[in-house]
Number of protein chains: 2
Amino acid sequence: MKYPQPQFVTGLKCLICSREYPADNRFTCTDCGIQGILDVQYDYDAIRSNPKSEIRNPKSFDHWRYRELLPVSPELPLPHLHVGWTPVYDVPRLAKHIGITKLFLKDDGRNPTNSFKDRASSVGVMKAIEFGFNEIACASTGNAASSLAGLSAAVGLKSYIFVPKRAPEPKLTQLLIFGATVLRVNGTYEQAFDLCGEACEKFGWYNRSSGINPYLVEGKKTAGLEIAEQMKDNLPDWVVVSVGDGCTIGGIGKGLQEMKKLGFIDRVPKLLGVQAEGAKPIYNAFYSGKDLIPSDTNTIADSIAVGTPRNWRRAIQQVRLSQGEMITVSDEEILEAMRLTARLGGVFGEPAGVAGAAGLHKALQKGIVKPNESALVVITGNGLKDIQSAKRATGEVLNVEPNLKSVEEKF
Amino acid sequence: MKYPQPQFVTGLKCLICSREYPADNRFTCTDCGIQGILDVQYDYDAIRSNPKSEIRNPKSFDHWRYRELLPVSPELPLPHLHVGWTPVYDVPRLAKHIGITKLFLKDDGRNPTNSFKDRASSVGVMKAIEFGFNEIACASTGNAASSLAGLSAAVGLKSYIFVPKRAPEPKLTQLLIFGATVLRVNGTYEQAFDLCGEACEKFGWYNRSSGINPYLVEGKKTAGLEIAEQMKDNLPDWVVVSVGDGCTIGGIGKGLQEMKKLGFIDRVPKLLGVQAEGAKPIYNAFYSGKDLIPSDTNTIADSIAVGTPRNWRRAIQQVRLSQGEMITVSDEEILEAMRLTARLGGVFGEPAGVAGAAGLHKALQKGIVKPNESALVVITGNGLKDIQSAKRATGEVLNVEPNLKSVEEKF
């Protein structure tokens with residue numbers, strides 16, 4: 001079955017050399033190689049003047065309300081799972097504790113497979129179907145994988161997930177329950193990533209890797225579109241995002257810029273990008289002004305433990321464009337943020353999910369963010385994804401005998 | 001601080017002897033004792049003729065859109081967490097596989113702490129504040145506990161959770177991260193339950209136990225209200241719910257009946273109540289017509305493993321009123337349902353969460369539900385809550401070497 005082209009997409013453009021390509025099934029720039037990430041281009045004038053536009057009068061309460069700004073054929077049936085349009089919470093007790101006037105949490109752990117990655121995967125499975133694939137693959141042990149497995153199950157695609165040898169059992173379970181074929185590679189994550197690419201070419205599978213697939217980051221962009229729409233009467237000074245491979249903050253930045261282009265908001269909040277101290281190659285490149293140098297990774301926040309981030313240029317471009325900053329946080333600061341967002345915000349996030357909250361806390365202490373400013377932190381994943389780390393953040397249970405006297409003795 | 005009474009509540013009424021009480025801070029009927037569960041009464045005529053009614057023109061996309069039908073003071077600030085208004089998915093591939101014309105899943109695993117119980121806890125914390133309590137307690141190892149811990153954190157109440165000795169560590173972690181004080185009782189669940197009640201009296205804590213607290217089930221009712229509103233143009237023949245202590249199906253039935261009273265729907269779907277074969281005292285009482293006999297429990301579906309259900313009368317009354325039926329399912333059938341709802345419906349539920357789907361499958365095989373009928377299954381909890389059980393439902397990973405030849409050999 002042939003689907004018509006996405007309505008407002010005009011092509012792809014290399015983030016390094018600006019060479020343009022048609023919006024077809026290709027990955028990186030021919031001239032710049034694997035580093036030449038392609039960015040989807042739109043005709044914003046046409047979107048602005050579209051008489052049938054639904055962007056200002058949307059019907060759906062998920063991220064497909066922005067379909068005109070997504071690279072998906074208008075005739076393709078959408079996945080039934082509700083992705084995006086996640087709630088934004090005003091959390092005054094947490095704000096007061098960390099010393100900021102106004103603080104909001106956007107809980108992306110409430111997506112269908114409980115992470116931000118569903119935004120990208122939902123676009124990925126649509127592109128696979130549009131391009132005529134029946135199978136889709138990625139290399140990951142984390143949220144990208146479980147998200148791809150869930151969205152593939154929802155639309156009836158067969159999914160193949162390549163995981164490195166040290167992948168934890170609980171995360172494999174979520175993949176298997178959705179019916180994914182899980183290939184455990186006797187090697188490192190890089191080897192799994194490369195093998196996935198080779199297998200996609202060999203077997204004719206669609207490659208979901210959000211590092212190199214130009215369409216995936218468009219799904220991530222919807223969080224930025226939503227923040228602009230949900231907060232347009234109360235736009236925060238800062239939007240705070242944890243940073244791993246750079247796609248998430250790059251996508252959110254793009255979404256916010258688009259909403260400014262379309263007149264929803266008249267300024268773009270400053271982006272605060274937060275990396276773990278044990279995995280901070282983008283932070284280093286941002287402040288050195290030089291090309292990225294891959295690093296080792298050593299952090300509890302596995303979803304942002306990326307030593308060779310593929311989308312670092314996009315991340316840095318967007319943070320600069322917003323007049324933003326970057327910061328790093330220790331594992332201890334992440335564990336403290338996990339406690340604080342749960343106890344004072346009512347949101348239980350995984351380590352990478354709350355790293356943004358830790359970064360904001362530190363940025364306030366360092367004077368990067370001022371106490372009289374306002375901020376929105378994106379919580380990117382649910383704490384149930386990594387209960388082992390959460391255990392490190394909690395206190396102990398009190399053991400009592402089954403009588404009141406024993407309880408009284410504890411207080 | 002004093003809050004005005006809930007606007008449309010007229011009192012409490014015993015489900016056994018019909019004796020009426022004012023809607024104050026009391027639990028069960030004076031005459032009937034612990035068995036005398038009280039039901040909240042409303043003035044439906046006043047709701048129907050309320051000129052300021054928001055029920056037909058709601059502003060909030062969570063379950064507080066039904067505030068007029070909830071026992072909560074109109075002036076009380078609501079918790080910021082978005083509870084309820086969970087998505088309903090049309091799942092034709094799953095429908096076809098189990099042999100029914102039309103099938104919908106309502107995914108209540110997407111609530112803030114990932115289970116249906118948030119509906120009850122959100123009302124519980126409101127009543128605690130309304131009655132002037134600063135502390136709230138319950139006895140549970142499961143979703144009621146994590147839900148209470150999360151909602152208490154959100155509104156700033158201190159929570160105390162009594163758990164039996166054999167409570168699993170991962171579930172304790174979710175409680176501790178939200179800042180609950182967790183008291184592990186060296187004894188059984190029944191002992192923890194009794195001790196919780198005593199401690200509430202002694203220390204002046206509000207008792208959230210949904211088995212005996214008349215207000216909690218009102219929160220559960222909102223799922224029924226939502227089903228009526230979301231499905232009013234496509235009302236299913238059956239609504240399928242897993243049954244533990246009886247509050248959930250009792251609440252959903254009450255919600256559906258109320259929406260019929262208010263004219264949203266012109267009939268109430270038949271309720272299909274599903275118990276585990278290893279914990280089926282309500283099923284037994286339903287078909288024997290006699291009083292409930294407590295049973296042992298032995299099932300993978302821990303959230304419905306209730307040997308002494310406190311709300312069995314309400315459950316049976318509502319199933320009868322709807323002309324419904326009950327059925328039991330084995331652990332193997334539950335594990336199969338876990339695979340099917342994930343792979344063909346894109347929804348990963350915990351064992352008790354998908355027990356309804358297992359029951360519908362079996363009811364179709366037995367001819368209780370007809371292939372040309374339609375059904376909606378409530379998925380009551382997210383599969384990440386119990387990854388150990390999910391492991392029992394999945395297949396194995398494929399081990400490969402980091403080269404294409406090794407992958408090719410697997411297919």
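Start by selecting domain 1 of chain A and then domain 2 of chain A: their centres, taken over C-alpha atoms, are 25 Å apart. Colour residues 88–113 and 215–393 for domain 1, and 118–209 for domain 2; these bounds come from an automatic or database domain assignment.

You are looking at a predicted model, where local features need pLDDT of at least 70, side-chain atom pairs count only at pLDDT 80 or more, and totals for chains, interfaces and linings use all residues. Residues are numbered from 1 along each chain as its sequence is written, while chains are lettered from A and ligands numbered from 1 in the order in which they are written.

Now look where the two domains touch. Here 15 residues of domain 1 of chain A are in contact with 13 residues of domain 2 of chain A (in contact means C-beta atoms, placed from the backbone, within 7 Å).

Next, show chain B as well. On each side of this meeting place, 59 residues of chain A and 59 residues of chain B are in contact. Select helix H5 (residues 169–177) of chain A, which gives the most to the side touching chain B: six residues. Helices are DSSP runs of H or I with at least four residues, strands are runs of E with at least two, and both are numbered from the N terminus.

Then pick strand E8 (residues 181–185) of chain A and strand E14 (residues 398–400) of chain B, which run parallel and are joined by three bridges; strands pair if DSSP finds at least two bridges between them. Zoom in on A:Val185, and you will find B:Val400 opposite.
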